[in-house]
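Thanks for coming. I will keep this short and go through one chain, from the overall count down to single residues.

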Amino acid sequence: MLHNRKFIGLLSLLTILFFSPVTYSQTAANPDTTKTQGSGKLFDDSTKTDSDYLMAIEKAGEVLQSAYNDAVFEGSTFHLFAEIDRTQNKLDLILANLKGANPNVRNQQMYRIVLEEIRQELEEQNTAINLRNKNLDKIKVRFADLRKDKALITLLKDTILRKQFKNEFLNLKKTYLSTDSLMNHNLEVLNTKNRLTVQRKIAVSSALLTVEKKLEKSGISILGREYPFLWNTNDTIAKKDISKNIKGKVAIENSVVSYYLNYSISGLITLAFFMGLLAWYISRNLKYLKNNNHYENLSLLNFKYLNSGIILPVIVIGLNIAIVSNLYAPALFIELLQLILLIALTILFKNHWSKESMRNLFLLVGLFSALCFLDLFIGISLFQRCAFILINVLGIRYGLVQLKSIKDQLYIKAFFKWASIIFISLNVLAIIFNLFGRVSLSNMLSLTAFIAITQIIALSVLLKIILEIILLQIYTTRIKRGIETIFDHESLSDNLKKPFIIVISYMWLIVIASNLNIWESLRVSFNSILTHPNTIGSITFTLENIVLFFIIIWMAHLLQKYVAYFFGEVDEENEENVNKRQHSKLLITRLVVLIGGYLLAVAASGMPLDKLSILLGALGVGVGLGLQNIVSNFVSGIILIFDKPIQIGDVIEISSQSGRVKAMGLRTTKINAPNGAEIIIPNGNLLSQNITNWTYTDNFKLVEISFEVVGDIIPENINLIVLEALNSQPLINDTRTPQIYYTAISDGNYKLLVKFWCSIYRTEETISSARQALFSNFKNKGLTFST
């Protein structure tokens, strides 16, 4: 009885799931015969077999199992849930910090940036949850499609068939219940997560409103008079209150920094990882030079920092990058980074600077430390205002008198003049604003002044360290190739530092703007100008696309120009052991960099492909009208790079010109003539004319000397004297035996032609030394030698 009840329950469940009214058409065989819909259905069912019913049940089971598999949360969904939890933790921390009394503008700006990022994260999470809800809705549609299966509906209606396939129905029920339970559970989880994200979005909007009000109030107070004139201030604070205020501010700042570290720890770890790789890269090159007894030569390259240690230079690089990449960090964090940077620089300069310069640098560290402590932990009072004025006065004197001794020690002196002017000006303005009650603005200007001068010192050292790293790579590569000569590092450094000066100038300006709390507004303003769409005819573009286009092209040309330096190539003209294979790789690398750069620039410009095709068509017309030679030379340059009939370092003759190949470009090839002239030949001419390449296989050339010997001697002895003289010359290739020919022989008079192999780069020198050796050897034998 109980078994029958379970079976009846199963039938009821499946009937609800699958059964729905179905309209059956009449048979096509008897269209004129009027039959009921029921009789037509029975006629159709009578044609089905047990195999058809089993297949229908199996199909339904497969659909249910597939739905179960698709309803299971994948790893990406659990990753989404983890992201939701992390976002909640960040939001809880920032909401807790917002409750504290914290008027610091930098911290409020950090809160705003982080809240904007959290809101964006919540939007993305909400979109991802809705997408998964839609997927579950699509799975439900599969259940509804099962109701269209006529064989399955017939099974549910026919009592005999139900009993016949009882076991199959029980398995189908089990699959259905598990799938239905899983889908209901997952829907509930997704709805809960969706509800939480909506609630958090409301909390973020409320927090953003609070932060905006605080920033607006701070901006108004900065531009207005916050406190009485200094001479009207008479507040006195008890020592206990001062101690209590310091403890309270320390707690607040620690809380803010702890949150920020938790928020940005991944970026800091990534930076530390890359700085570790840089330290390993530098130490590997230094170790190679030490092992090969070339480490002391670094002083000849004007090294100041890398030859004194690796850790401090890498720390200086990392701190500079950390400061620029954390513009919205809390005040304590950024000022602590600046202070650590100053201390690292002081240690780095210890063995290189004069005592006077070091004393002045110590004074700068002391003033900056006192300024940070007053700004972070001492409340605004008569004491703090007077202390700030004292520091500003010392800063002005420092800029006028003592800063010159530091300037003389730095690598970049031009920018230091402007930094000194800004430093003194900001200190003067800070004193004026402090006297007239605009204390927050005064404090901000004071900190910016000291950070400006600190950053210009740090960035000057950063540039010098980067140049030393590049020179170290060049020198190490040359030593590995067996080239021990010291190259012209000064002119090379002058060429390399130009693009880096642009980068460090940009870094310095954004740090100054960030500390003046105007960087965000400047960034938004520039972004709105750059992203504003402009239309000319049917073409729509933005200034951002144009700027990005030219920046990418500039960087591509810069990279292809300097990439050779990292392989030890510094345009040594008289270098005998030129690595032709490496030069060929460099040419291909330059070509790839240029083509890739131009393609990337076009993609970044956002130019539609249809407009680009029009441009290419116009370019094709230009080629047909007047650019044939340019395109011919360009294509010829590519052929020369890959076909390699000539390579850099080869000695060639073409028409009436001869010389050594100095450089190969995509349009022209430069040849150094023996008289010092530089011959520029279009690549098209190189392919269209006969070229004699003296160094295609090797760098040796067969040369000859004609001379006459007079005296009492036989040819066999003459041969011995000639071979002895030639074998004593190190410039002659001893792997190939010299050839001796007699052009005329008479009694006591011999005319000879001697041929031997030597380096083509030192032909004249070799012939001269060979003649001298032959003359000395024959003279020692009492014979007359003439040539």
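I will take the whole chain, then the cores, then the pocket, then a few residues.

A word on the source before that. This is a predicted model, in which local features need pLDDT of at least 70 and side-chain atom pairs count only at pLDDT 80 or more, while totals for chains, interfaces and linings use all residues. Residues are numbered from 1 along each chain as its sequence is written, and side-chain values use heavy atoms, with hydrogens and water left out.

The whole chain, then. There are 24 helices and 11 strands; these are DSSP runs numbered from the N terminus, with helices being H or I of at least four residues and strands being E of at least two. The chain has 787 residues, and 43% of them count as buried. Buried here means under 20% relative accessible area, exposed means over 50%, and partly exposed is in between, with a 1.4 Å probe and protein chains only. The exposed surface comes to about 42,000 Å², with 60% of it supplied by carbon and sulfur atoms. Those areas come from the Shrake-Rupley method with a 1.4 Å probe, and for residues only the protein chains shown count as cover. Among contacts with a separation of 6 or more, 76% are between residues 24 or more positions apart. A contact is heavy atoms within 4.5 Å.

Next, the cores. In soluble globular proteins, nonpolar side chains tend to be buried together. By a nonpolar core I mean a set of buried Ala, Val, Leu, Ile, Met, Phe, Trp, Tyr and Cys residues joined through side-chain atoms within 4.5 Å. The largest one holds 120 residues, and those touching the most other members are Leu115, Ile282, Leu298, Phe349, Ile406, Ile457 and Ile465. Helix α15 gives the largest share of this core, 25 residues. What does Ile457 touch, leaving aside neighbours within four places in sequence? Its contacts are Leu345, Phe349, Leu364, Ile406, Leu410 and Phe416. Another core lies apart from the largest one; it has 23 residues, including Val709, Ile718, Ile732 and Phe785.

The largest pocket has a volume of about 1,200 Å³. Of its 37 lining residues, Val503, Tyr506, Ile551, Trp554 and Met555 are the closest to the centre. On a 1 Å grid over the protein atoms alone, a pocket is an open set of points where a 1.4 Å probe fits, with protein on both sides within 12 Å along at least five of seven lines, and lining residues have an atom within 4 Å of a point. Points are joined across faces, edges and corners, and the volume is the space filled by probe spheres set on them.

Which helices build the lining? At least two residues each come from α9 (239-291), α10 (311-325), α15 (439-480), α16 (489-515), α17 (519-531), α18 (543-562) and α19 (580-605). The largest share, 10 residues, is from α18. By type, the lining divides into 34 nonpolar residues, two polar and one charged.

Leu122 counts as buried because its relative accessibility is 0%. Beyond four places in sequence, Leu122 touches Thr87, Thr197, Arg200, Lys201 and Val204. Gln120 is also in α5, but Gln120 is partly exposed, at 45%.

Thr346 sits in helix α11, residues 331-349. Is Thr346 buried or exposed? Thr346 counts as buried, because its relative accessibility is 7%. Not counting residues up to four places away, Thr346 touches Met358, Leu361, Phe362 and Val365.

Last, the loop between α9 and α10, which holds Asn293 and Asn302. Most residues other than glycine have a negative phi. Phi is positive in Asn293, near 60 degrees, and in Asn302, near 65 degrees. Asn293 is exposed, with a relative accessible area of 69%, whereas Asn302 is partly exposed, at 40%.

That is the end of my list.

Technical notes. Ala, Val, Leu, Ile, Met, Phe, Trp, Tyr, Cys and Pro count as nonpolar, Asp, Glu, Lys and Arg as charged, and the others, Gly among them, as polar.
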